[in-house]
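Visitor: Please show me how to read a few features of a model, one at a time.

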Amino acid sequence: MSYLKKITLAITAAAIVVGFSLSAQAKEWRGWNIHVEGYPNTIAMDKFAELLKEKSGGKMSVKMYHAGTLGSQPDAIEQVRAGALEIGNFNLGPLGPIVPEANVVSLPFIFKDTEHMWRVLDGEAGEIINKGMAKFGIVPLAWYDAGARSFYNSIKPITKPEDVTGMKVRVMNNDLYSGMIAALGGNPSPMAFAEVYQSLKTNVVDGAENNYPSYESTGHFEVAKYYSNSQHLIIPETLCINADVYNALSAEDQKILKEAAQESAMLQRKLWKEREIASKKKVEAGGSTVNEIADKSGFQAAMKPVYDKYLADNPNLKSLVEMIQNTP
Ligand code: GTR
């Protein structure tokens, strides 16, 4: 073989190898997260990215954008649905207005406690919620813990429903939450997470509601000192992917993806339990007054209009509500 022919062959072979590996290498996905460094979800999402790369031998990879740098949660949900972003860690609260099945978890007091929520999500009701999300372009991969949400404000401890009367309370964008505050006689103020600190500080709102880790990590405890353990909402969060991206993967890659997500969720749930305790300690040390509400029955009874509205809007989901209520 002539020298020239050898060179030509070598170049052709190299080009084939380069071309092959380029086509086999998928583009790097982008993942949205609202939480800051050190938050359980942030650590767990980074773990997910690491596991995904490792388990797929670099074939699947995702770069995480934390602290809401890619925009607000409602916007990010739309972006994942449209495929402008591939991965997200979403609270089911802001997903609810899009996916009626997923909105069931935003009915106040629907879960008895976090363990009850896991039993529901692992059962038939969880399947219905999953399918609901898939219909709207989002495939859930694993569930993250977000504890229970309680009220906090800058005026006084809340012990009974009437204490909320007249208060301006920030809620996430979801009519069920606005209905919940209105049912207690308060003024709901839907607003993005990133705006809450300033709004509390400047008394644009009197209060808000969230779990201990978010009350602490955002610094809300510095500007709204009364945290009242109403635990009116227990909302799970999903680590999820755009449906088209998911459906284009091989069965083997889908399995790897789910495994990485499940492992990250196990880590998140462990870190969550630790962070709940640490955050409570931190806000108390920072001067917050925490009060328990031994009898929540008044708050629960006041939620009837919220349930009535949800069922009137979604008569087909009555059985889902009952299924959750009847899950032991
Ligand atoms: C947090 C939750 C966020 C966001 C936030 C909020 O607990 O993890 O995804 O929903 O609450 O209140 O907007």
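Predicted model: local features only at pLDDT ≥ 70, side-chain atom pairs only at ≥ 80, totals over all residues.

Visitor: Is valine 80 buried or exposed?
Guide: A residue is buried if 20 or more other C-beta atoms, placed from the backbone, lie within 10 Å of its own, exposed if 12 or fewer, and partly exposed in between. Valine 80 is buried because 25 other C-beta atoms lie within 10 Å.

Visitor: Which residues does valine 80 touch, not counting those up to four places away in sequence?
Guide: Contact requires C-beta atoms, placed from the backbone, within 7 Å. Valine 80 touches Leu85, Gly88, Ile138, Cys240 and Asn242.

Visitor: In which sense do strands β6 and β7 pair?
Guide: Strands (E, at least two residues) are DSSP runs numbered from the N terminus, and two of them pair if DSSP finds at least two bridges between them. Here β6 (residues 168–171) and β7 (residues 187–190) are parallel, with four bridges. Valine 169 of the pair stands opposite proline 188 in β7.

Visitor: Why does the ligand lie between the domains?
Guide: Domain bounds come from an automatic or database domain assignment. Domain 1 (27–145 + 236–277) and domain 2 (148–234 + 279–326) both give residues to the shell around the ligand, so the ligand lies between them. A shell residue has its C-beta atom, placed from the backbone, within 6 Å of the molecule; Asn91, Met172 and Glu237 are among them.

Definitions and conventions. Residues numbered from 1 in each chain as written. Contact = placed C-beta atoms within 7 Å.
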